[in-house]
Structures are given as structure tokens and as C-alpha cells.
Amino acid sequence: MVKKSDTLKRDILESERRFRLLAGGAIDYAICTLAPDGRIIHWNKGAERITGYPAKAILGKHFSIFYPEEDRASGLPAKALLMARKEKHAEAEGWCIRKDGSQFYASVVIDPIYEKRKLVGYAMVTRDVTERRQARVDLEASESQFRLLVSNVTDYALYMLTPAGIVANWNAGGERIKGYSPREIIGQSFARFYTPADQAAGKPARALKIAEETGHYEEDGWRVRKDGSFFWASVVIDPIRDSDGSLIGFAKITRDISERREAQQKLEQVQRQLAESQKMDALGQLTGGVAHDFNNLLMIISGNLHRIRREVMSERGRLALSAIETASERAASLTSQLLTFARRQSVNPQTIDVADRIRALRAVLTSALGGLVKLEMDIQPDVWSVFVDPSEFETALINLVVNARDAMRDGGTLTIAARNIPAQAQVAVSVTDTGEGIPDDVLSKVFDPFFTTKPVGKGTGLGLSQVHGFAHQADGRVEIASTLGKGTTVSIFLPRGTVAATRSRADHAMHASATVLLIEDNPAVADASTGLLEQLGYTVRWASNAEAALSEIDANGIDVVFSDIVMPGRMDGLKLARTIRDMKPELPILLTTGYSEGARDVRSDFPVLRKPYHIHDLSRELSRLTGQGSGDATSGASADAPSGFDSATRDSVERPKAKARC
């Protein structure tokens, strides 16, 4: 019978055998046994693979053979055994030496072995963790580089937030952009970067909520620096989660894009200005073409009215003619304003004294304003002269005054100012009211033709269009600034005058019985003009083109030339006039036009009479030209009344005050 003790002994031996097989066969770990003095007494295959020593070459050697020279010199092997005895366990990582002299980074565990409380040796387990260490070193280096990069970035504020929105770290970009040092901002809520209005609206918390729920938050908006100044920021917020998906904070990136926003706004402004310019040019082309034909029609109507008036005897007939005449004058005024807007109207530019012109209009302007509006003048001493069409200048000023008056329903103060702007070599003429102001959505449209906020029948919508056209036609500009409830200022900037008006008189008087060569390609207009000239006592010879006109002049007998500027063929009226002047410098020449690009080049070379003209206009210009009147030969404006104060303006001045101002 087998004793129970024998069976137990065999089981123990078998267990020990299996353990030795297991330990001896492990190749990822170096497992060995040390004697109490540190000599190696057992060695496994893993130890051979890792260190390169076979068992026969290492057994009996001291385990310090695996330590680098500096560690042996410092007594590190003995300290490891001492710690194992004292702590019942010793664990460390460090460099070890293989048989071939190469090094590997090892994780070493040493445990003391006791038998009946007597130390009989040590169990040492060593593992090569070089790759793991290198991976850790690489990761730490990468993290260090990343931290260094983030901390030194200055164009972006890069920082972390806690789930509650508290700033957890801070980089140089955050300090540069927002003005806070790390000591001042870490631990504070990121809400302080928002404007007071955004804070009150709960925008910071809403941004974090959106980032948490959607995985991303991005916006552009105003942010506040430490000094209280605002900047336009591009903001990105991303949630940071751990491996379990739990929110641990937010990564926040902020960039100051104020300059980019300003550049974008400037680009948009230039694009709007370009679109506006293209729109104005298109409208100008359309307006100019229509106005030319329309003025010829009005010339026929107004010219023949004088003939019909002599034939009509009844009172009702005369009243009808008067109504037709008033309507034609009104139509002519509207066409004139359209042409000014289209920059095709300035036919008599002269060097004028701005201060004198404004003062000459004071009585007319005061009358137009009525009793509720006080007129003030703020004219700088020695204001420069400007080279403009006097009639258009006066019309523009009156239009501004009437518009300003209509903006002050309950009265107020209207100020007309004029000052020099030396830096731009310009003269600024401005009209300021204390009225109701203009809303932003209306302000951008006030210069559009036919745009008006006045009731039907209370305005044509051409007043400010005329101002706009006049300013640009004179190589200047117009600006408008308005504040609701406080008033509006419209300023016209005109180049300083450099050309003096040429004033000349014919050196001989001429009787009205003189012969006028009328050059007009439209037979109906020629017939109407002939009627007016004949009523004035002139003999009229008509030519329909430049070639026929030159033939008439060659035949002699012509005392004065009266020519339309717009004519078909290779030679228009202006070229014809210059040709005639070269041929006969003493021959007086009067030009007329309803609209012409060529009229821009006339300047003060020849007087120009605008279509449709009346008999008294024609008489005045011919008298000045031929030396029978007291006016000069180049001015198309009346000497005793503001030339811009026409029937259309009188109508607008006499109307009751309207609610709006455009």
C-alpha cells in the first residue's frame, strides 16, 4: 500500500518539474535564480535569447555582469539585492549589457527566496522593454514638441477649457491677442472674452453646448481684449473626450481677423461702387439718348407756341396755350435734371466765386425755406473759385436746400457751409439740416433717379440725382452723412478752379436785321427756330449739315452763325464752329444743344444755348454775342436772377413741407 506522504512528495516533485519546464521554456522573459551572494545558479532560454549568454557561459557568474560599468562602480547591483531583502521585493528599470556589449533597456524584478526563514537565494525576472521605452520617449518628445509649439504660437490663441468653460492653460498667442498673461487668465471663465451683450444673451454657454452636442462649434464675431477694446475673431471650439467617451474639456482656437474683415469690407465696398458706377453709366447712356430726342420735341413745341399765340384770339385758347407752355417748361426742367444726373449737361462751365454765388442766392433760399427754418451761412474766408456750370451749381444748391427744408417738418436750422480742403485741392460746399435724418436702408438709394419717399405729386425724385450728376460731371464727388433724429449733411466736393472764364465782346454792333445762318439737321426744329429768329427781326438762311453751312459762308452775306452741336456726318457743330473761326475769326458763333458729349469740349470757346430755348433766351444770347446787349459772350445765365432757379425749382419751393427728404 502506497503511503499518502509518498504521493504528496511525488506531486510536489512533478509540480516543480513542470514549473522548471515552464520557466526554462519562456523566451520573452529572462528567468534566473541567484545565490545569496548574487551568483547565477539557474538560467532559462529567455535569458539566453535576451542577453546572448548560454547557460554554460553564465552559470556561476555574478549577476552584476549585466550592469553598465558606471552602475557597478556605484554599487547598484548590491543595492538591488539589499532592497529585495528589506522590502521583500525590488523592481527597477535601467540599461543592461548583453554578451556582445550592446545595451538594452530592461525591466528587472528581484524577489528573495527563503527556506525555513533562511535566505537561500533570489529569483530575478528580466524583460527587454527597449521598444516600449523608445515608444514612450517618442511620445513624450512629441507631446513636448506639441506643447512647445502650442505655447509659442502667436497668431492663434490656443488653450483648453474645462467642461464648465474655465481656462485650463494659455499660450503666447492668447496673451498677444487678448492681452492676458497666463497668471491672470488661467482659472477664469472664458466668458469674459465675449461682449457684454453676448454674455447677457448666454452666448458662451450656448457655444459650449453646441460643441458638446454636435462635435464642433465655429463662428466669427466680436470679442473683447483685456483693455476693453473689441476685435473681430474667428473662433473654433471642439470637445475633448476620454477613451470612455466622457467629456473632459474643450479645445478652443481663436484668431484675430480684424484686418481680414476690414479688407473684405473694403473689397465689398469697391464692388458696390463699381456696380453703382456701372448702373449710373447705363442709366446715363439711356437718359442722354432719350433726352436728346425729347429736347428736340420740346423745341418744336415751345418754338411754335409763339407762332400760335399770335393767331389765337380767344381767352380760352390763350389759357390752353399757357398750360401747354407751362407743361413744356416743366418737361424741359426734368430733362435738364436727367441730363445733369447723366453727366451730359454742363455746357457753360466757368470759373465762379463760390462765396459770391452762395450769397447771391441767399434771398431766393430764404424765401424757399419759409418762416419755420432758420438759414445760417458758414463760409470760410478766401474760399477758392471753382470751374463749373453756374446754372448747374445753383440748381444743385437749391435742390439740397429744398430737400433739407422738407426734412424739417417742425422747423429747425439749415446751414450752408463752404471751405477749402488744401490736401485734395478741393472746395467743399455742404448743406446741413437738423431734421429727422435718413434710415440706412434709404441712404444708399437717395441719389438714384426717380427714387423718392415723398407722397405722389410732391417730388420727382430727381433733385439729389441732379446733385450727384453735377458733382461728378465737374470731376468732383458728393457725400452724405445722416443720423436718425439729428439731421443730415450733404457735401459737394469740387476741384479748385484753374481755368479763367474767357469773356469777349464783338468789336462791332449788329442790328437785329442781320442775317443768321441756322444749321439744324431736324427740319421741324429748324422751322421752329426760324420762326423765333424771324420774330426777332433776323433774316434766316438754313443749312441742314456742315458741308452746306460752309458753302453758305463762302457765299458771304452771313452776319452770325447759329448751329446745333449734334449733327450727322463727319463734322458736328463744334468742329464746324472751329472750322468757321479759323476761316473767319470775326464771325460770331452761337451753339445750341439738347445734349451732347461734344458739349463737354466747348468750355468757354463758344457760348451754348440749351434746348428747348425761348424767344427771350435766344434774343439775350444773340444780343450778347453781337454786342447789342450788356452781357458777356460766354455766360448762359441771367445777370439779374439765379440761373438755376427755374420753373421746376419754383414749383418745389412753393410746395408744402413733405414728410421725407428724398
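The questions and answers below walk through a predicted model of one protein chain.

Residues are numbered from 1 along each chain as its sequence is written, and side-chain values use heavy atoms, with hydrogens and water left out. Because the model is predicted, local features need pLDDT of at least 70 and side-chain atom pairs count only at pLDDT 80 or more, while totals for chains, interfaces and linings use all residues.

Visitor: In which helix of the protein chain is confidence highest?
Guide: Confidence is given as pLDDT, the predictor's confidence in each residue, from 0 to 100, and the chain averages 79, with 77% of the residues at 70 or above. Helices (H or I, at least four residues) and strands (E, at least two) are DSSP runs, numbered from the N terminus. The lowest mean, 37, falls in helix H22 (residues 647-654), whereas the highest, 95, belongs to helix H10 (residues 203-214).

Visitor: How many contacts beyond four places in sequence does the model have for residues 629-662?
Guide: A contact here means heavy atoms within 4.5 Å. Over residues 629-662 the pLDDT stays under 50, and for this stretch the contacts beyond four places in sequence number 95.

Visitor: What share of the residues of the protein chain count as buried?
Guide: Residues are buried under 20% relative accessible area, exposed over 50% and partly exposed in between, using a 1.4 Å probe and protein chains only. The chain is made up of 662 residues, and its secondary structure comes to 22 helices and 21 strands. The share that counts as buried is 44%.

Visitor: Which strands give two or more residues to the lining of the second largest cavity?
Guide: On a 1 Å grid over the protein atoms alone, a cavity is a set of points where a 1.4 Å probe fits but cannot get out, and lining residues have an atom within 4 Å of a point. The lining includes Trp 43, Phe 63, Cys 96, Val 108 and Met 124. The strands that give two or more residues are S1 (30-34), S4 (103-115) and S5 (118-128).

Visitor: Is Val 108 buried or exposed?
Guide: Val 108 is placed in strand S4 and is one of the residues lining the second largest cavity. Leaving aside neighbours within four places in sequence, Val 108 is in contact with residues including Ala 90, Met 124 and Thr 126. Because its relative accessibility is 11%, Val 108 counts as buried.

Visitor: With which side chain does the side chain of Glu 394 make a polar contact?
Guide: Glu 394 lies in helix H15 (residues 390-406), and because its relative accessibility is 3%, Glu 394 counts as buried. A polar contact is a pair of N or O atoms within 3.5 Å; within protein, one must be able to donate a hydrogen and the other to accept it, and residues adjacent in sequence count only if both atoms are side-chain atoms. At 2.6 Å, the partner is the side chain of Arg 357.

Visitor: Is Asp 382 buried or exposed?
Guide: Most residues other than glycine have a negative phi. Asp 382, although not a glycine, has a positive phi of about 60°, and its place is in the loop between strand S11 (373-379) and strand S12 (385-388). Because its relative accessibility is 69%, Asp 382 counts as exposed.

Conventions: 1 Å grid on protein atoms, 1.4 Å probe; cavity = no way out; pocket = protein on both sides within 12 Å on 5 of 7 lines; lining within 4 Å.
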